[in-house]
Amino acid sequence: MTARRGAPGLARTTAALALTVAAFAGTAAPAGAAPQPMGQCTTSSGVVLAVDFSHWGGPIYRSCGTTPTTGYELLNQGGWRTTGTGHDGPAFICRIGYSGHQGGKQYPTPQQDDCVLTPPASAYWSYWHADPGQNTWTYSQLGAMLYKPKPGSVDLWIFGGTNIEGTQGRPTVTPDQLRAKNAKPTGGGPVPRDTRTAAPLPPGVDTGPAPENPPPADPTTPPPPSPSLSVTASPTPSKSASPTPPPTPTPTPSATPSATTGSPAVAAPGPKVVDAAPAADAAHDVGSWVPAVVTGALGLLIGAAAVFAAKRRRRTE
Amino acid sequence: MSRTSAATARSSAPGLAPDAGGRRLPRTLHPVAWWIWALALATAVSRTNNPLLLFLVLAVLGYVITMRRTEAPWARGFKYYLYLALTVVAIRVVFRAVFATGITPHDHFLFSLPHLPTPDWYAGIQIGGPVSLEALLSAATDGLRLACMLCCIGAANTLANPKRALRVLPGALYELGVAVTVSISVAPQLVQSVQRVHRARRLRAGRSKGLRALRGIIVPVLEDALERSLRLAAAMDSRGYGRAGTATRRSRRTTGALMLLGMCGLCAGAYGLLDATAPMLLGFPALLAGGLLCVAGLRLGGRRITRTAYRPDPWRAAEWAVAGCGVLSAVLLFSNAGFNAAELNPSIYPLSWPTLPLVPAAAILLAGTAGFLAPPPSAPVRPGIPAQRTEEST
């Protein structure tokens, strides 16, 4: 991103510059990506993240994030956490967990997939997008760290198998079942700072491959804010040093079934859709260093035994 | 291979070791026993990514090699395998740092490399950029696992006599005489050649360190190792290896067809087992059919070759014990009995201390008992030391 600025002759300066800027980019997270309560996502701002836990009997959780973001950041904020594989690093999403679901347990569990090698195409988290106005899912052609969702779009992660083109194993829910329906933010929280708001689509413009069910744009009836939304309106990220601590630091967010919003799409048969409020990260246990010390001692013991035996053999020879 | 060793075991079962007054007579263990032990340990290593277990495997390998290696030239070569293992780890770490896999806000930032921008259509591969501690650690543990497997093979090459290992190959493989000989003996020969060339340079007061010396060593070493392997193959060829003998053209063709079909079946079966989307028929059935065809081909090929052994390698209790403890450790690691499978692959993202699961650690230590289950190697006969004294002292 920076080398384009450097002239060919100033290689050293460019390298130094690239080093500093890259260091800056590495330490500081890109500004703007923040978790939001679900009511902050509208048809034209914020991104809805939906994760389908129905493979393990759970609901579809959906939450909201501000837009200059990547699919990976969206999935690693507000209580969401992912695990990569040992082979591909964190960029390959192998496990997903939400601190409000089963205490932050990540799925698939280590017993189901050890996440050492790339998971098989028959059982992995596949990544789907629906741009604003579209009611069909697009299989992501980019990884979660590279894809930048548009404002007003929906990101969905489902667990299962697909073929390489993504024509099989499509999600059973439609984007409209998950999409934010309100045109204005609700819930009383701050308006998401959105620098790249896409122009709202004029009615009748076809953006995708034949959307069968265009989103119902009815700004007259915003969904009534559910009682829990007002409580958890301010996101409570665990590690951010916010000057004003929220009055109710709720590590276990109260998830409200969005069936109360009265949208006809949600009432359709299928997995339950539950709003996941921004929550604190699930506690991570670093573990104890005792096993490492024990192994070191054991290794030393074995080494000493070998050296002793070798010395004795040399002496007797 | 197992067929041959089983036959050897049957033929030599009555010949028990003579009584040595409570002390075991020094002898060399059957090479196949060492190979089974080492391959089983390598299989066990492939199961785990836990650095503690991997270090334990390295310690066990070092212990067994110190205890039971002979004074033969190929038996001094373990350090070269260790260098190779270190190189593997270093290459993995460097590649992971250069071809960055991305950094997340939760990671521990270490340093940053100059970032080369890649065009949009080349998305997915980043060159340079920030490097996290987690990325380097995961690359190092991944490399360590490969390094451990390399060291297992190195241990087999160090402990087993390569020429005796060659003798127990199934008769049908003699058809491939030269290829098999070179492929099995090239690693021990390389080690020998490195030592010879190094010594020769030292005698001529040449430089034995540095990049210039490396060039002076590598070329003669490669030439020497390949030449010696070819010479060995030629020597074996002149003694009847790789000869069709009295076989008719038809039986030779049948053998060839059986072996080819069997190998195809084995490949298809392995593919079917590894790829979860492959049809079920391609998995175990293909593997089984391929294995059966291969066995039939080997039998047919081996039947027409008559071999006599001058000094057959016995397969006694010690061989069973060494091969058994290796296999048992692999079985324990794959059985998931008594431990949590997640402990074999501790998480790097987020960083946490690895645990030492008891059963796998005990399994690896069990493999280490080969260090005293195997009989001590016979002491070298050195000029100046009377043979009687050597026998008494060891």
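This is a predicted model: local features need pLDDT of at least 70, side-chain atom pairs count only at pLDDT 80 or more; totals for chains, interfaces and linings use all residues.
View 1. As for handedness, the α4(B)/α5(B) crossing is right-handed. For some context, chain B holds 14 helices and two strands. Its 394 residues include 37% that count as buried. Take the contacts in chain B between residues at least 6 apart in sequence: 79% of these join residues at least 24 apart.

**View 2. Helix α12 of chain B and its buried face.** Here we look at α12(B), residues 358–368. Its buried residues are P360(B), A363(B), I364(B), A367(B) and G368(B). Looking down the axis of α12(B), you find these buried residues within an arc of 155 degrees, so they line one face of the helix.

**View 3. The loop leading up to α12 of chain B.** N336(B) sits in the loop between α11 and α12 of chain B. The thing to look at is its backbone: phi of N336(B) is near 60 degrees, a positive value in a residue that isn't glycine. N336(B) is partly exposed, as 14 other C-beta atoms lie within 10 Å.

**View 4. A three-stranded open sheet in chain A.** The strand order is β4-β5-β6 (chain A), and the pairing is antiparallel. The edges belong to β4 and β6 of chain A, each of which pairs on one side only.

**View 5. Strand β4 of chain A, covered on both faces.** Zooming in on β4(A), residues 80–83, we find W80(A) and T82(A) on one side, with R81(A) and T83(A) on the other. Are these four buried or exposed? They are all buried, which leaves both faces of the strand covered. In a regular strand, side chains alternate between the two faces of the sheet. Four bridges tie β4(A) to its antiparallel neighbour β5(A), residues 95–98. Two pairs to pick out: W80(A) has Y98(A) as its bridge partner in β5(A), while T83(A) stands opposite R95(A).

View 6. Q102(A) is not a glycine, yet its phi is positive, at about 55 degrees. How many other C-beta atoms lie within 10 Å of Q102(A)? There are 15, so Q102(A) is partly exposed.

**View 7. A cis peptide bond in chain A.** Last stop: the bond joining Y107(A) and P108(A) is cis, with omega at about -5 degrees. P108(A) lies in the loop between β6 (106–107) and β7 (124–130) of chain A.

Key:
Residues are numbered from 1 along each chain as its sequence is written. Chains are lettered from A and ligands numbered from 1 in the order in which they are written. A residue is buried if 20 or more other C-beta atoms lie within 10 Å of its own, exposed if 12 or fewer, and partly exposed in between; C-beta atoms are placed from the backbone. The arc is that of the directions from the helix axis to the C-beta atoms. Two strands pair if DSSP finds at least two bridges between them. A crossing is left-handed if the near helix is turned anticlockwise from the far one by less than a right angle, and right-handed if clockwise. Two residues are in contact if their C-beta atoms, placed from the backbone, lie within 7 Å.
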